[in-house]
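This report describes selected features of one protein structure. The sequence and the model are shown first, and the description follows.

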Amino acid sequence: MKKFTLFLTFALTLAFNGIYTQNNDIDIIKDIMKQQEEAWSAHDLEGFMQGYWKSEDLTYFSGGKITKGWQTTLDNYKKGYPTKAHTGELRFRIAQVTEINEEAYYVMGEYFLTREAGDAHGTFMIIFKKINGEWKIVADSSC
């Protein structure tokens with residue numbers, strides 16, 4: 001009976017630890033997205049991009065086009081959203097955050113852009129990956 005109790009304690013500890021780690025990862029991912037909302041709404045596009053993997057392998061898909069690279073993505077944002085009137089206020093509605101494996105999650109949801117240049121609304125699916133101990137967006141598909 002003592003061995004069973006030890007085994008059960010060990011199994012429960014592992015299960016709770018896994019749940020805690022997953023919940024903590026999800027909270028961190030949601031915090032990153034909250035920081036992105038705030039940076040975008042302040043017309044701080046460089047701050048917004050801090051959530052993304054600073055790599056030439058970053059992939060962004062929108063408007064029927066694939067963009068590769070962190071700097072290219074930032075440059076496109078600067079062209080498409082040159083002023084505060086264009087960035088406006090960003091709000092995300094996260095529908096689900098799903099673990100792919102211990103090092104990756106996908107996030108699906110909607111974005112809402114309220115702005116002088118005309119409101120915008122759409123959907124997104126982004127993939128977060130843990131790189132050097134930090135969660136970063138490695139792929140983004142927005143429409």
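## Ser41 and its surroundings

The side chain of Ser41 reaches the backbone oxygen of Glu37 at a distance of 2.8 Å. In this predicted model, Ser41 belongs to helix α1. Its relative accessibility is 17%, and Ser41 therefore counts as buried, the limit being under 20%. Beyond its neighbours within four places in sequence, Ser41 is in contact with Lys84, Gly88, Glu89 and Leu90.

## The nonpolar core

The largest nonpolar core comprises 27 residues. Those with the most contacts inside this core are Phe48, Met49, Tyr52, Tyr77, Val107 and Phe128. Two or more residues each come from the helices α1 (2–41), α2 (45–48) and α3 (70–80) and from the strands β3 (89–101), β4 (104–114), β5 (120–131) and β6 (134–142). The most is given by α1, with six residues. In soluble globular proteins, nonpolar side chains tend to be buried together.

Phe128 touches Ile29, Ile32, Met33, Glu103, Ala104, Tyr105, Val107, Trp135, Lys136 and Ile137, when residues up to four places away in sequence are not counted.

## The buried face of α3

Within α3, the residues Trp70, Thr73, Leu74 and Tyr77 are buried. Viewed down the axis of α3, the buried residues fall within an arc of 100 degrees, so they line one face of the helix. An α-helix has 3.6 residues a turn, so residues three or four places apart point the same way.

## Leu58 in its loop

Leu58 lies in the loop between α2 and β1 (59–62). With a relative accessible area of 0%, Leu58 is buried. Residues up to four places away in sequence aside, Leu58 touches Met49, Tyr52, Trp53, Thr67, Lys68, Gly69, Trp70, Thr73, Ile137, Val138 and Ala139.

Leu58 and Lys136 are separated by 78 residues in sequence, yet their C-alpha atoms are 9.8 Å apart in space.

## Strand pairing around β6

Strand β6 pairs with β1 in the parallel sense over four bridges, and with β5 in the antiparallel sense over eight bridges. Ser141 takes part in both pairings: this β6 residue is the bridge partner of Phe61, and Met125 stands opposite Ser141 as well.

The hairpin of β5 and β6 has two residues between the strands, and in this hairpin Asn132 takes a positive phi near 50 degrees.

Technical notes:
Residues are numbered from 1 along each chain as its sequence is written. This is a predicted model: local features need pLDDT of at least 70, side-chain atom pairs count only at pLDDT 80 or more; totals for chains, interfaces and linings use all residues. Side-chain values use heavy atoms; hydrogens and water are left out. A nonpolar core is a set of buried Ala, Val, Leu, Ile, Met, Phe, Trp, Tyr and Cys residues joined through side-chain atoms within 4.5 Å. Buried means under 20% relative accessible area, exposed over 50%, partly exposed in between (1.4 Å probe, protein chains only). Contact means heavy atoms within 4.5 Å. The arc is that of the directions from the helix axis to the C-beta atoms. Two strands pair if DSSP finds at least two bridges between them. A polar contact is a pair of N or O atoms within 3.5 Å; within protein, one must be able to donate a hydrogen and the other to accept it, and residues adjacent in sequence count only if both atoms are side-chain atoms.
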